[in-house]
Number of protein chains: 4
Amino acid sequence: MVVVMKASAGQQEIAALVRRFEEMGLEVGVTNGIGCTILGLVGDTASLDSGKISMEPSVERVMRVQEPYKKANRKFHPEDTQIVVGNAKIGAGAFSVIAGPCSVESEEQVTGIARDAKKAGATLLRGGAFKPRTSPYSFQGMGVEGLDLLLHAKQATGLPIVSEIMSPRMVDEFEQKVDVVQVGARNMQNFDLLKEVGRMSKPILLKRGLSNSYEEWIMSAEYIMSEGNENVILCERGIRTFETYTRNTLDVSAIPAIKKMSHLPVIIDPSHAAGMSWMVEPLAMAAIAAGADGLMIEVHNDPPNAKCDGQQSLTPAQFGTLMEKVEALVALSGKELIK
Amino acid sequence: MVVVMKASAGQQEIAALVRRFEEMGLEVGVTNGIGCTILGLVGDTASLDSGKISMEPSVERVMRVQEPYKKANRKFHPEDTQIVVGNAKIGAGAFSVIAGPCSVESEEQVTGIARDAKKAGATLLRGGAFKPRTSPYSFQGMGVEGLDLLLHAKQATGLPIVSEIMSPRMVDEFEQKVDVVQVGARNMQNFDLLKEVGRMSKPILLKRGLSNSYEEWIMSAEYIMSEGNENVILCERGIRTFETYTRNTLDVSAIPAIKKMSHLPVIIDPSHAAGMSWMVEPLAMAAIAAGADGLMIEVHNDPPNAKCDGQQSLTPAQFGTLMEKVEALVALSGKELIK
Amino acid sequence: MVVVMKASAGQQEIAALVRRFEEMGLEVGVTNGIGCTILGLVGDTASLDSGKISMEPSVERVMRVQEPYKKANRKFHPEDTQIVVGNAKIGAGAFSVIAGPCSVESEEQVTGIARDAKKAGATLLRGGAFKPRTSPYSFQGMGVEGLDLLLHAKQATGLPIVSEIMSPRMVDEFEQKVDVVQVGARNMQNFDLLKEVGRMSKPILLKRGLSNSYEEWIMSAEYIMSEGNENVILCERGIRTFETYTRNTLDVSAIPAIKKMSHLPVIIDPSHAAGMSWMVEPLAMAAIAAGADGLMIEVHNDPPNAKCDGQQSLTPAQFGTLMEKVEALVALSGKELIK
Amino acid sequence: MVVVMKASAGQQEIAALVRRFEEMGLEVGVTNGIGCTILGLVGDTASLDSGKISMEPSVERVMRVQEPYKKANRKFHPEDTQIVVGNAKIGAGAFSVIAGPCSVESEEQVTGIARDAKKAGATLLRGGAFKPRTSPYSFQGMGVEGLDLLLHAKQATGLPIVSEIMSPRMVDEFEQKVDVVQVGARNMQNFDLLKEVGRMSKPILLKRGLSNSYEEWIMSAEYIMSEGNENVILCERGIRTFETYTRNTLDVSAIPAIKKMSHLPVIIDPSHAAGMSWMVEPLAMAAIAAGADGLMIEVHNDPPNAKCDGQQSLTPAQFGTLMEKVEALVALSGKELIK
């Protein structure tokens, strides 16, 4: 941590502050100059509250030097983490595709889509049973019944299930029925929920919040990991910017950035980023080329009659075409497409 | 709703679509021109899914004309709503100030601050018992014990309590102990929690999310209201922009905008917007001048040793000075300061 | 400046870098710790290129400690700057209002508005002769003829003129005819134009760019000042955010922030920020309450037939009503309204 | 265009407005419903000012249906535009790479880099002679001398030159010496400059502004095209968002979006987007995969000693490695890499 003293800070004030830091067991280096004194602090600074120090009357500014995350930090865990679920592998050179409808609507619908998705090369089935909707008057999902329909589809196809949890009271239900538990963008900083899923045995797919920084996103993973669940998949799904043409703005830089900061796998959801089915393919391709470890794609048998997000869903046929291109590009990028 | 047809749409396709809308009981007006046909739909369009219609092969674009919110809509409820809690009144010409520490730390701390805040003119006591923190390694609040200390402070001063709920499992606890239940910015679209607090008997203070539009914010109020709880106070606390000098960017335009869109009261939290105590006063003044119905201010007896957000907290003395200015400006703006 | 070394940096590399900095005449303090070495640099670090240093193989990160601006920096010029033009005074306790049409349309129009504006209390006349329009097919302003019509209005009323320059080739024309030269938001980083107006003898009104930080804005003022023209007025007119309800988002925090960073006066243009005439009053009030040194308001005799931005223009009558409220609030805030 | 009437609008007011539109030669369709009347306007609505109409007392809202751009609009020009300069071809299936230093520093520097870039497969040489810098105290470029050094490099290698113009007074100089004239992000809405380069005979490379929408960007191209110069290349270089880890946020969605809206070619500058050399490769790959028509890459012989932007520059060796990957991916994506 670096503490910049005010020009008006006297030598006594500086000495007192230095002493306080040293008493905390920190190394303190002092650089004195005309009108500016800088303190460099080294040691276990994670316990220091920079806000508090910045309130000292003699302090002008405090700058953190070390990352506030540990378990998710690549520095302390240089090897890529790989998440294995059923046949799917995500990370450390393995690339998997999650596909399925925005929301579960019926047994035929979800099982049919699961069959088509599997045939095309998906290894995980997504499907929403509890749906976060902007309006209370929109379809809110089938609830527990939706989870049961996903289980049927799993029995029929062998594809493990990814589904979004919205409430801590559903933890037991999800622990029993779901293979990968998704925390949605709007709940990325629902810390109560993060702690709960951190005590589950299932991998967590953590979507990035609409306007959350890379560091905040990793800190939310850290919440989960600090409770004991180290199987976290990060999923970029577009951020909110001034541009309104697309539903969100896909931030592909997140892929190389997160890979530098953390050892956790990163996948991309081009469907929510674009909000329009015709843009899913170019964004999916961009994600692979930038180094993503997987994709999450919305597929629906009848998009114009989907109960939610039909306009961004691919038909099974379109998904099949996409997967051929995915396969070629994953191969070129040196990763293994798990099928 | 307005449906713009593709230039390539044939007369038959247009006619079929018109028929479908008419069968739904809607009035449909057709404007034909070279290379462009526009359908105007009037009637109960709330049940129409614009995403679905936009997927029709002959449709280029769909534009909503009516607001998706009802209970919170000023059009259907022209009178200002006023929330009354203890002596405090918020809205419809009444202005109240909520003050207190970021987090409850001890009985003396919170009761002392409550006494000072009341003396200076606050009519509600805020205090965090459950704290949403970016890091799992930061102080997470005293929990239920914190609520009990707030109750002590209430008994000592008569000030009703505002505190943040983070989990649906805490609903009973908050129903018994808290007078105004706060939903934080990070939970603005935690729809599960919104539904829960919508079934409570206590007024809800709903903070705007970091990057949520006015409409999304009102839709979250609509979630609460649609469950039966129509006592919602909206609180702007700064949005996330590219500017990093301030913690967030206070959006004062939210005040006149929300007042035009909705009948619900709007208050401002300048402490979280600025993130720096020296900026609280100018932002508080701006809020009053722009027409806010109240303020929420962080006050701490010992900011440099506060367990959270000390750098944005006022001392009781600073709060006292601020309240004198608040009083003068509220008077000038034609509202009544409740004390 | 602070240089954080990589964990892998060897003692020899560190020593070599320290020597290099010392040879540049800088004081260097070294803080050594396990896995982290921090160098604090004090002295004339303005000439150091942090980007370059960050490229050293042994360096992890470089953090600037001092502001990159000098002439605009309050640290080196603690007194408020006041700009005086005709009767108008802006800054250092004096508050002036600039009013007039978005664009000059005819002699009667601009002289009539000038008379009304003066009567209501404005001390400067704004009017666009060269208009920056998003579309090449929109009205582009009357050009030099517009400046001449402004001069007529000045002769009729005594109000000095504020008008926007868009090209360095117009510098002589503006030097002769205009009293305050406006640089628009879209040209805030048109560095060629900044240097040109920096050599003019007239005060410059520098609008903040749509997505420029406070520091970038002050650096653009520094461009003007570094060429010799120290009379710069900063004007906040709304920034671009995700919110689309308003044309832009007025950032009132800019007022206290700029006043802390710089000695230059700050005024607010609520008309462009809101983009809707009914929102001009609350935003103008907020600006005064937050400490602004002046306002810039669009006034038009016939808004529905204005050649540009009619929807955000006040009528002379509305402006008169606004000025009464402005007067009361400026008085309360302890500034002097210049009339 | 669609005009939504206020609920309070009387039949007479509506009829009067309809008559006015019809007198302008427009088709007007009226949809009447309880509490809502919608007018659909078809015809030459480009001349209508939506702001003006929205000010009619009986009008609630006006929505544009047609794009405000013509010459750049794919609807009126379905074929891809291809720009040909020297050996380079950009667009319509041809992919070219522009490479070179951020700024020209010496003859050896720029000619050396040009040789290396050509060998690796670049077909255009970039180099800044006039540099837009945030600080007036930073290196501002070599000016006209820099253009002459670029000409030397062109003579030595045959590579045509891309360089940024910052002032309308430099138009003649650039017309003579430069092959592709770049308009920088900060000048994207410097309309005076756009008109000037619209009268040049050389292709214009128009960078997207830091916070400009796709539509505004295309409207700036329209400014150039409306003056007669239809050879415009659009270049995405990252937008400004809340995320500060990267210098800017590369918006890959711009590629498919612009290709749908316009027939103009789109290239990507991953160097400025990332601001860090190690991130250039993944972003370049993402751009190709998303369908870009070319890349613009900063290459420097000695990045740590570059006069500007060294931290985002590749060495010639790194550029060579990148070009091998570029070649493979362009081939896979079905475009032809021009070498």
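A: H7(A) and H8(A) are oblique to each other, a class left over once angles under 35 degrees (roughly parallel), over 145 (roughly antiparallel) and 65 to 115 (roughly perpendicular) are set aside. This is a predicted model, where local features need pLDDT of at least 70, side-chain atom pairs count only at pLDDT 80 or more, and totals for chains, interfaces and linings use all residues. Residues are numbered from 1 along each chain, chains are lettered from A and ligands numbered from 1 in written order, and side-chain values use heavy atoms, without hydrogens and water.

Q: At what angle do the axes of H7(A) and H8(A) cross?

A: Two packed helices are described by the angle and the distance between their axes. Here the axes of H7 (residues 214-226) and H8 (residues 254-261) of chain A cross at roughly 55° and come within 11 Å. Axes are lines fitted to C-alpha atoms over the stretch in contact, with angles from 0 to 180 degrees between N-to-C directions; helices are DSSP runs of H or I with at least four residues.

Q: Which residues make the contact?

A: H7(A) contributes A:Tyr214, A:Glu215, A:Trp217 and A:Ile218, while H8(A) brings A:Ala254, A:Ala257, A:Ile258 and A:Met261, contact meaning heavy atoms within 4.5 Å.

Q: How is chain C related to chain B?

A: Two copies of a chain are related by a rotation about an axis and a shift along it. Chain C is laid on chain B by a turn of 180° and a shift of 0.0 Å along the axis, with an RMSD of 0.0 Å, superposed by least squares on C-alpha atoms of residues with pLDDT of at least 70 in both. The two copies are thus related as by a two-fold rotation axis. In chain C, the C-alpha of C:Ala286 is nearest the axis, 2.0 Å from it.

How values were computed. Helices (H or I, at least four residues) and strands (E, at least two) are DSSP runs, numbered from the N terminus.
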